[in-house]
Amino acid sequence: MGTSCPSGFSPDQARSGMYKLEIEVKRGHNLAVRDRGGTSDPYVKFKLAGKEVFRSKIIHKNLNPVWDEKTTLIIDSLNEPLYVKVFDYDFGLQDDFMGSAFLYLESLEHCVCVCVCVAQQQQSIRLSELHRKAQLWRGIVSIALIEGRNLMPMDPNGLSDPYVKFRLGPQKYKSKTLSPQWREQFDLHLYEETGGVLDITVWDKDTGRRDDFIGRYQLDLSTLAKEQTHHLELPLEESRGFVVLLVTLTASAAVSIADLSVTPLDDPQERREILQRYGVMKSFFNLKDVGIVQVKVMRAEGLMAADVTGKSDPFCVLELNNDRLQTHTVYKNLNPEWNKVFTFNVKDIHSVLEVTVFDEDRDRSADFLGKVAIPLLNVRNGEQKGYLLKNKELTAPTKGCIYLEIDVIYNAVRLFVVVVWNFELYMLPLALLLLLVWNYFFCSSRDGADVDSEPKGFMDKLYAIQDVFISVQNALDEVASFGERVKNTFNWTVPFLSWLAITALCLATFLLYLIPLRYLVLAWGVNKFTKKLRDPYMIDNNELLDFLSRVPSDVQVMQYHELKVDPGQSPSKRRRTNLS
């Protein structure tokens with residue numbers, strides 16, 4: 001298969017986001033046998049953004065087919081990978097899968113021909129290695145969205161409700177809709193050595209109609225030095241105004257995918273090095289790197305049949321915070337064996353590992369088969385366990401069981417420093433006072449601006465009332481959730497956090513006993529009101545709320561509850577028990 005760029009397109013058209021993708025399907029070599037006669041009837045399918053864009057002709061009874069077909073596509077983005085799949089045609093039956101590969105268009109140089117030869121073999125090692133490398137990121141870009149300046153007003157009252165969308169390859173992030181002081185921090189993965197292009201768009205939120213586009217900036221990450229924090233004021237290309245960011249590019253540490261034969265923690269020397277890295281003596285080195293988690297995905301039993309043939313094509317997806325890795329697909333099997341080892345960085349030991357099993361489908365999105373959520377604090381290192389799968393909401397069991405072995409290594413001192421360092425108690429009356437003052441000035445300014453604006457119609461008022469009800473409902477949910485978290489802290493639902501609360505309360509008692517309250521209030525006030533002077537772009541946070549956010553609510557306790565597996569039951573009997 002060959003791909004090439006764009007002949008016939010001017011540089012201006014390329015900059016505007018229009019590309020011509022030429023695909024040439026040449027031949028296959030040593031393809032897998034799928035028919036009883038020892039041959040196959042192969043054809044090739046190409047997909048972009050989940051949609052089929054081209055299908056080759058069928059070459060009957062040939063394991064070394066020659067297609068020699070060409071097609072040309074007009075695309076407006078290079079962010080989506082080109083998905084190439086090879087199938088064996090079966091008349092009147094479901095076509096058999098023979099192999100697949102990803103091609104990341106961003107990695108191609110424009111106007112350069114690239115030849116990709118895919119030779120399918122049963123249990124192809126090359127395709128498995130390609131699948132593995134396509135998932136692993138080579139670095140992390142940490143982005144702190146600070147504020148917008150001089151943004152174009154889009155509403156009739158001269159104001160806007162702006163939010164920002166970020167896109168790096170297939171990864172997306174959307175900020176909150178607030179005043180231009182966003183103060184949000186998030187991470188994206190870098191899959192290329194050069195970094196890629198970060199697409200930044202600013203929008204104005206409109207209730208009941210399509211959001212207004214304000215402006216865009218495309219940031220070439222290859223121009224930024226690594227391991228440094230860059231303060232950037234980015235001018236929007238299609239409008240006036242700036243977006244202020246703090247961007248840091250760092251190398252990725254412990255993320256990996258391997259076979260069981262090369263498990264990192266099973267190597268004594270490598271295990272020693274990891275234990276030393278997170279030992280007590282190195283507690284104050286690289287505070288953001290709290291630890292690692294290694295997950296062995298062994299096998300599953302008794303999965304749900306998602307295909308008409310009574311089988312499934314299962315694969316497994318592992319998610320930890322914003323990190324996502326997956327196994328290969330085992331075709332036509334309800335008791336698949338993956339035997340893969342995944343390693344993640346741990347930034348917060350209170351994170352929850354989510355393992356989801358899907359059924360791969362040729363022409364539509366994958367079907368859900370089951371899911372399990374495992375808090376890292378509940379893990380017993382080195383214990384191979386069977387986890388009964390649950391539904392999407394994690395509220396009831398579904399068919400099947402997955403066997404995992406998890407190891408978590410972390411530095412407790414480093415975690416304590418990250419969570420409770422500079423602990424502050426924000427006064428509730430002061431917060432309410434600031435909220436009242438803010439709303440007074442905000443409402444006054446809006447009342448003055450609304451004098452000359454057009455009167456609102458009935459639908460606008462209806463949407464406004466609906467927004468108020470939704471806001472009140474969300475606020476009540478938050479209050480109830482935090483009440484449940486406080487209760488679960490004192491109920492020892494998460495023993496680690498309860499011990500942490502005991503430590504903090506003992507420290508507070510000791511300080512209040514030895515130091516007069518006025519000195520503590522003075523120190524708190526000086527620290528609070530000089531923060532912006534010491535670091536103008538610091539993202540505000542409340543340590544008490546951060547602590548409570550790590551305590552599970554009653555709903556999360558139910559979701560994380562582990563269903564017990566009866567080792568004496570066979571998969572078929574276990575399925576009947578789940579259904580009854």
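**Start at Val 526**

Select Val 526, which sits in helix α8; helices here are DSSP runs of H or I with at least four residues, strands are runs of E with at least two, and both are numbered from the N terminus. Val 526 is partly exposed at 47% relative accessible area, where buried means under 20%, exposed means over 50% and partly exposed is in between (1.4 Å probe, protein chains only). Before going on, note that this is a predicted model: local features need pLDDT of at least 70, side-chain atom pairs count only at pLDDT 80 or more, and totals for chains, interfaces and linings use all residues. Residues are numbered from 1 along each chain as its sequence is written, and side-chain values use heavy atoms, with hydrogens and water left out.

**The nonpolar patch**

Which element gives the most to the nonpolar patch? That's α7, with 5 residues.

Next, select 496-524. UniProt (unreviewed entry) has a "transmembrane region" there, and also at 242-262 and 415-441; the positions follow the numbering used here, feature names are shortened, and annotations may be inferred rather than shown by experiment. The span 496-524 is 93% helix and 0% strand, with its end C-alpha atoms 27 Å apart.

Most residues other than glycine have a negative phi. Jump to Trp 492, in the loop between α6 (458-490) and α7, and you'll find a positive phi of about 60°. Trp 492 is partly exposed at 38%. Arg 183 has a positive phi too, about 55°, but lies in strand β12 (residues 181-190) and is buried at 18%.

**Salt bridges**

Side chains of opposite charge can pair when their charged atoms come close. The whole structure holds 13 salt bridges, each a side-chain nitrogen of Lys or Arg within 4 Å of a carboxyl oxygen of Asp or Glu. Pick Lys 340 and Asp 259, which meet at 2.4 Å, N to O. This pair links distant parts of the chain, 81 residues apart: Lys 340 is in strand β21 (residues 337-346) and Asp 259 in strand β17 (residues 256-259). Lys 340 is buried at 13%, whereas Asp 259 is partly exposed at 37%.

Move to Glu 354 and Lys 371, whose closest N and O atoms are 3.4 Å apart. Glu 354 is in strand β22 (residues 352-359) and Lys 371 in strand β23 (residues 367-375), so the bridge ties together parts 17 residues apart in sequence. For a network of salt bridges, select Glu 147, Arg 149 and Glu 233.

**Last stops**

Are Cys 316 and Cys 401 buried or exposed? Cys 316 is buried at 0% relative accessibility, and Cys 401 is buried at 0% as well. A search of the whole structure finds 0 disulfides (cysteine sulfur pairs within 2.5 Å).

Of its 580 residues, 42% count as buried.
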